[in-house]
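Student: Please take a close look at one part of this model for me. I would like to go through the place where two of the chains meet.

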Amino acid sequence: MRNTLLFSIALSSAVALAGTAWAADRGRDGELRLLYWQAPSTMMPFLSGGTKELEASSVVIEPLARYDNDGKMHAWLAEEIPTVANGGVAEDLKSITWKIKRGIKWSDGSELTSADAVFTYEYCSHPDTGCTSSNYFNDIVSVDAVDSHTVRINFSVAKPFPYAPFVGYNAPIIQKAQFDGCIGAKAQECTEQNFNPIGTGPFKVVDFKPNDVIVFEANELYREEGKPAFSSLLFKGGGDATSAARSVLETSEMHYAWNLQVEPEILAKMAEVGKGTIIAGFGTSVERLMVNFTNPDPNLGDDRAEYLGGNNNRNPHPFLSDYAVRRALSLAIDRQILVDAGYGSAGKIGCNVLPAPAIYASDANDECKTQNVDEANHILDHAGWVRGSDGVRAKNGVRLSILYQTSTNSVRQGTQAFIKEMWKAIGVETELRNLSASVFFGGDPASPDTYQKFYADIEMYTNNFSGTDPETYMANWTCKQVSRRANTWGGGNMPRWCNPDYDALSTEMSKTADLDDRIRLAKAMNDMLMQDYAMIPLIHRGGVSAFSNVIEGPRGNEWDSELWNIADWHLK
Amino acid sequence: MDSAVIETEHRSMWTDVWRQFRKHKGALVGVFVFAFIIIAVFVGPPIHGVDPNAIDFKARNLSPEWAHPLGTDNIGHDTLAQMLAGGQVSLAVGLSAALIALILGTLIGVLAGFVKSLNGPLMRLTDVFLSLPLLPLLLVSIMLFRDTLRAAFGPETGIFLLIVGLIGVTSWMHTARIVRGDVLSIKEREFVTAAHSIGTRRHRIVFRHILPNILSPIMVSATLGIANAIITESALSFLGLGFPPDFPTWGRLLYDGTNFIQITPSRVIWPGVFIALTVLSVNYIGDGLRDALDPRLRGR
Amino acid sequence: MIQYIIRRLLAAIPTLLVISFVIFAILDLAPSDPTGNLPMTVPPEVREKIRISLGLDQPMYIRYYKWLVQFSVNEPLNILQHSFGVTIGDAENRTRILSWATRSPVIDLIVERTPQTLWVVGLSFLFGILMAIPIGIVQAYRQYSLFDQIGTFVAMLGFSVPTFFTGVVAIILFSVQLKWFPMIYDTTLEITSWDNFVLQIKQMIMPVTVLAFYQASQLSRFMRAAILDNLNLDYVRTARSKGRSENAVLMIHVLRNSLIPIVTLIALGIPTIFGGAIITEQIFRVNGLGQLLIIAIEGADIPTVQTLTFLFAILIVIFNLIADVLYGILDPRIRYD
């Protein structure tokens with residue numbers, strides 16, 4: 001079992017990943033043109049946290065280890081991945097020791113040392129920096145430079161999964177010499193440094209125009225011979241996903257376009273031209289319906305959609321608190337149609353909130369794979385929900401009338417339309433609402449329209465976790481995490497679903513180090529959520545990109561930057 | 001010049017207006033087309049008999065065929081049914097929002113141009129409205145008013161009032177400035193000063209002498225306003241300010257269809273054609289009205 | 001006249017103060033948040049830290065005051081320092097208006113984006129006017145002729161079919177099918193040679209045409225209406241009866257009097273050039289001021305939105321003043337006192 005684990009890690013160095021068999025000169029292939037329709041606003045990943053900025057900066061600054069497109073961890077700037085077996089991780093799981101490869105040069109010619117890693121920790125953990133990756137440095141007591149190329153991270157608690165700091169595109173290493181004066185509140189004002197970070201990666205910044213375009217050139221001091229194959233990199237931003245796909249698949253103006261959430265038939269039509277290829281990488285993203293367990297009635301004032309404590313939930317939703325209704329809503333959905341119409345190859349039927357890594361994926365909930373309208377109707381009949389003259393079911397004067405909200409996005413509105421129609425077949429009436437993404441995901445406590453406030457019966461969005469360890473992610477649905485007024489709607493538990501048994505599993509997982517036990521716990525938690533229909537999963541979503549047929553190398557990646565292996569990209 | 005106005009008053013003015021209007025061929029065609037569109041969108045749905053929100057999972061992205069005369073969209077909606085339903089909303093929004101903007105714009109423009117003491121304050125107000133960032137303003141208004149209106153008038157009427165109000169209140173400024181500029185110039189012309197000197201009352205001067213002379217720009221504003229309102233409505237729905245997503249409108253059909261132009265072109269052609277036809281017919285009706293209301297032309 | 005202008009300029013200061021405050025209040029009330037576009041994986045406590053690092057924990061009036069000082073004192077001083085190469089006062093500790101998204105000075109962002117906006121939006125406005133004026137004149141003068149009818153039809157199409165549609169059609173036709181022009185505007189292109197100049201023209205053609213068509217459609221309608229209104233006025237008949245040539249009548253009498261609405265429209269239009277063209281810039285990835293504004297709005301980047309909108313407001317006030325002055329010159333009977 002242990003060998004198949006994601007974080008039982010390829011010990012191979014990055015060299016083994018090399019795709020090209022023939023050695024050749026660095027920069028032989030000229031310009032590589034990438035299109036990110038959301039343009040990066042800065043090159044400093046710690047001050048943005050947005051995926052687009054993380055992707056752009058990943059070609060310049062690098063972490064100690066990084067995930068490949070299968071979610072497997074590879075040593076990057078480090079010599080190897082520390083494990084308990086090789087002595088890199090302490091037996092008590094309270095420290096991890098990384099050995100940095102010798103001889104790696106920053107693009108200004110100085111050498112990468114453990115001081116840079118220590119500095120990166122200091123930079124990101126400083127309270128005034130506003131570091132968007134600070135949660136990757138949680139529970140750290142100290143980061144010590146053991147010698148010039150060894151760095152030890154000491155944790156305050158046992159960390160069964162100690163691979164958050166300095167791993168992946170969220171937590172790379174920045175150069176101490178460059179950012180020394182930029183720590184704390186000063187971080188905001190270091191525009192020059194933030195736009196032109198010095199890195200160890202295959203490219204270096206030549207010109208950065210925020211929210212528009214970045215020009216990179218090959219890093220002459222990059223550690224691998226003959227890489228990157230391209231002499232320069234044009235990273236253009238702006239526009240929309242459809243035309244981004246068009247520029248690769250139809251006009252070939254661009255070599256690569258990222259994040260193409262476009263209806264599958266549009267992509268398929270463009271791909272018919274034969275100039276490019278569409279790839280989808282799957283990670284942990286699941287498009288799901290959140291079920292509100294509290295009453296969102298506007299007449300309740302401050303108690304609207306508010307969890308009023310107690311195991312019995314003193315402010316229950318008028319009908320979604322009924323297990324039969326939740327189960328019927330899930331059974332009525334034909335997920336295959338949603339996949340075909342909205343996602344194509346970038347989606348799979350999703351029956352779990354924790355669909356990946358594969359070792360964690362439960363198969364106990366496969367009932368959801370097939371739509372069963374008869375069964376759904378039967379359940380509702382049985383539970384006493386009777387159809388009225390308008391075809392809508394009701395019981396004790398409560399009608400099954402749902403307000404279903406999500407963010408504005410043509411695929412999501414399509415899904416809404418389908419589900420409304422599917423629910424109509426079981427006597428449920430649905431009012432659809434779409435909200436601007438910047439408001440819906442904005443989290444402004446003054447706005448009634450945020451997904452955290454959840455002033456609706458059902459809401460739909462995608463959530464995921466970064467890295468490969470689900471512990472924090474699964475802890476989202478504990479009672480403590482209920483999103484409510486007291487925590488200014490800051491909790492991750494949107495359904496306001498509270499179950500002491502679940503909390504117990506979550507606590508147990510945070511204390512369990514053995515991987516097989518962790519898998520068992522994670523699966524149990526997933527099944528508990530799914531079988532009580534606290535959430536109704538719809539689609540296991542992938543990230544879609546397109547690349548021109550003249551280049552070779554892109555693999556996609558949902559675990560790390562899609563440009564993780566850009567040093568290996570080359571012209572055919 | 002002035003005598004022409006006074007003479008016509010003895011006869012029935014509106015008979016004259018109608019007589020003059022009928023002479024305008026473009027206007028008649030405009031009335032005909034406009035009436036056709038109105039009848040189509042209101043009488044069409046029962047004849048066509050397809051629910052615009054009905055989904056046929058198997059009939060997605062169809063080209064026009066017997067069962068779906070304008071084809072279907074990527075969800076499996078019948079495009080014709082959506083066009084007809086969308087027309088009702090778009091026409092209602094377009095006409096009422098343009099009317100609000102027109103009335104506000106003309107009123108503020110005339111007052112600012114004609115009443116000296118109001119000129120400064122009203123033009124500063126116009127400056128303020130011109131400089132407001134539209135999107136954040138809309139987001140704020142939806143936050144403040146949506147739930148109140150929804151509670152008072154129900155989800156659809158509430159949203160309708162909000163949309164029409166918002167578009168109207170944020171698009172009168174161009175009309176106001178153009179009208180004011182014209183009024184400033186016209187009120188110094190001989191026939192107005194003459195009217196003043198014979199003691200004509202001020203509101204009479206406005207209605208008899210000033211308004212008829214600035215009708216053309218007002219009519220142009222009206223036609224532009226309708227097109228603007230129909231398109232703006234579709235933009236609003238992206239902010240979550242518009243109608244619910246299962247509520248088709250022409251602007252929205254056009255926007256949603258644009259990405260599918262290579263697959264099902266009829267999804268974009270028809271909304272585009274109908275928006276243009278509506279605007280074109282209103283324009284010609286406006287032309288005819290202007291000519292008919294112009295006292296100088298009516299005398300001929 | 002000079003006295004009038006000075007008085008108006010002085011009156012503009014309180015107006016602009018009110019405008020700046022109203023804009024700030026709206027942006028502050030608006031329910032979007034600078035952390036709204038971050039991935040779901042960023043936990044709430046990190047989001048709160050980011051908000052604090054942006055100064056969002058301070059009360060609204062303090063943030064407004066800071067912005068006002070930065071905008072009206074610090075930034076002008078900074079421009080002075082740059083243009084004369086001198087240091088004024090405590091330059092080290094003088095804070096500039098920083099964008100929340102890029103953490104860089106907003107003024108620099110605006111300067112960086114002005115060229116492409118002027119090239120594309122400015123030129124299309126210019127072409128729009130140059131097309132609209134003669135078309136409008138001929139349409140009015142030959143009212144209900146074939147030319148007028150076609151002109152009307154095309155204009156109606158022009159403004160009832162929005163640029164989000166015409167832009168995509170243009171791309172499919174000229175970039176995908178005919179391969180004449182690039183669909184992506186390259187802002188890194190510097191015009192250093194004839195070849196680069198040709199490239200610049202090629203990448204500008206589609207966005208400029210799409211926008212100019214839209215602008216000309218609207219302007220030509222107003223031009224036509226203005227001329228029509230004047231053609232039938234008494235003085236035109238008088239001039240005609242005096243035996244003046246048609247050209248003289250049209251050019252001297254009618255055009256001069258029709259210029260008032262045109263001046264109004266141009267004065268309204270020029271500030272909007274600096275507002276950029278949000279949709280067209282997005283479609284062709286011109287990434288000018290319009291795109292800067294829309295990204296800032298979507299990302300709740302208040303300093304950027306506030307600064308851009310306020311600069312826009314200043315232009316509106318200035319150009320409206322210019323229009324008022326021009327009214328007086330075009331029609332000496334218009335008096336302001």
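Tutor: Two residues are in contact when they have heavy atoms within 4.5 Å. The model is a predicted one, and by that cut-off 61 residues of chain C are in contact with 56 residues of chain B. The area buried between chain C and chain B comes to about 5,300 Å². Carbon and sulfur atoms give 68% of that area.

Three salt bridges are found across the interface of chain C and chain B. One of them joins R224(C) to D287(B), with the closest N and O atoms 3.4 Å apart. That pair counts as a salt bridge because the cut-off between a side-chain nitrogen of Arg and a carboxyl oxygen of Asp is 4 Å. Between chain C and chain B there are also seven residue pairs in polar contact, with both residues at pLDDT 80 or more.

Now consider the side of chain C that touches chain B. Several helices of chain C each supply at least two residues to that side, among them α1 (2-29), α7 (194-231), α9 (246-274) and α12 (302-330). The most comes from α12(C), which gives nine residues. Sorted by class, the side of chain C that touches chain B has 37 nonpolar, 13 polar and eleven charged residues. To put the two views together: carbon and sulfur atoms give 68% of the buried area, and 37 residues on the side of chain C that touches chain B are nonpolar.

Technical notes:
Residues are numbered from 1 along each chain as its sequence is written. Chains are lettered from A and ligands numbered from 1 in the order in which they are written. This is a predicted model: local features need pLDDT of at least 70, side-chain atom pairs count only at pLDDT 80 or more; totals for chains, interfaces and linings use all residues. Side-chain values use heavy atoms; hydrogens and water are left out. Buried area is the accessible area (1.4 Å probe) that two parts lose on being put together, summed over both. A polar contact is a pair of N or O atoms within 3.5 Å; within protein, one must be able to donate a hydrogen and the other to accept it, and residues adjacent in sequence count only if both atoms are side-chain atoms. Helices (H or I, at least four residues) and strands (E, at least two) are DSSP runs, numbered from the N terminus. Ala, Val, Leu, Ile, Met, Phe, Trp, Tyr, Cys and Pro count as nonpolar, Asp, Glu, Lys and Arg as charged, and the others, Gly among them, as polar.
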